[in-house]
Amino acid sequence: MDDEHWMMIALEEARAAAAVGDVPVGAIVVADGSILGRGRNRRELDRDPTAHAEIVALRDAARALGTWRVEATLIVTQEPCPMCAGAIVNARIRRLVYGCPNPKAGAVASLFTIVSDPRLNHRVEVRGGVRAAECAGLLQQFFADLRRGPNFGE
């Protein structure tokens, strides 16, 4: 299975986040053709500022593996933020695949390059832009709907 296939599954997670009012970002952790962990944004649902899709997926994968060294591929619908990029390095993720860039908080290529910083003890192979238009469209629609909501501007 290829990155595009896995990104479709991450997009399903993102849609599930949107369905409960969270920003639609989804992530999965994959190794040897199997999903080790799944995550979606749960900040609103859990009232937890650290409940980003990547963190949720990494925790799920670490539980499944029985170790903090995840050493797999992380597929996520949006370029990770600084917190998530740091977690990716600390989890020893080998490869990161993301959908759309995150111009306001991206820590892989847009604002920072945390996962490839040579000063850190681990670097991650990166592929960006997988199903980028679909990933970005989901976020754009979510925020457009939010702005049109009944309480916008109050």
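The side chains of Arg 42 and Asp 46 form a salt bridge, with 2.8 Å from N to O. A salt bridge here is a side-chain nitrogen of Lys or Arg within 4 Å of a carboxyl oxygen of Asp or Glu. The structure is a predicted model, in which local features need pLDDT of at least 70 and side-chain atom pairs count only at pLDDT 80 or more, while totals for chains, interfaces and linings use all residues. Residues are numbered from 1 along each chain as its sequence is written, and side-chain values use heavy atoms, with hydrogens and water left out.

Arg 42 is partly exposed, at 25%. Asp 46 is partly exposed too, at 37%.

By the salt-bridge rule, the count comes to 13. Side chains of opposite charge can pair when their charged atoms come close. Helices (H or I, at least four residues) and strands (E, at least two) are DSSP runs, numbered from the N terminus. Glu 13 is buried, because its relative accessibility is 7%. Arg 40 is partly exposed, with a relative accessible area of 28%.

Another salt bridge joins Asp 60 and Arg 63, at 3.8 Å from N to O. The two residues are three apart in helix H3 (residues 53-65), so about one helical turn separates them. Asp 60 is partly exposed, at 27% relative accessibility. Arg 63 is exposed, at 62%. Elsewhere, salt bridges that share partners join Asp 3, Glu 4, Arg 95, Glu 125 and Arg 127 into one network.

Glu 79 has no salt bridge, yet it is buried. The nearest side chain of opposite charge is that of Lys 104, 13 Å away. For this comparison, Lys and Arg count as positive and Asp and Glu as negative; His and the chain ends are not counted. Glu 79 sits in the loop between strand E3 (73-78) and H4. Its side chain makes a polar contact with the side chain of Ser 110, at 2.5 Å. A polar contact is a pair of N or O atoms within 3.5 Å; within protein, one must be able to donate a hydrogen and the other to accept it, and residues adjacent in sequence count only if both atoms are side-chain atoms.

Backbone angles were examined next. Arg 92 is not a glycine, but its phi is positive, near 60 degrees. Arg 92 lies in the loop between helix H4 (82-90) and strand E4 (95-100). This residue is buried, at 15% relative accessibility. Arg 131, also not a glycine, has a positive phi of about 55 degrees. Arg 131 occupies the loop between strand E5 (125-127) and helix H5 (132-147). At 32% relative accessibility, Arg 131 is partly exposed.

How values were computed:
Buried < 20%, exposed > 50% of the residue type's maximum accessible area, 1.4 Å probe, protein only.
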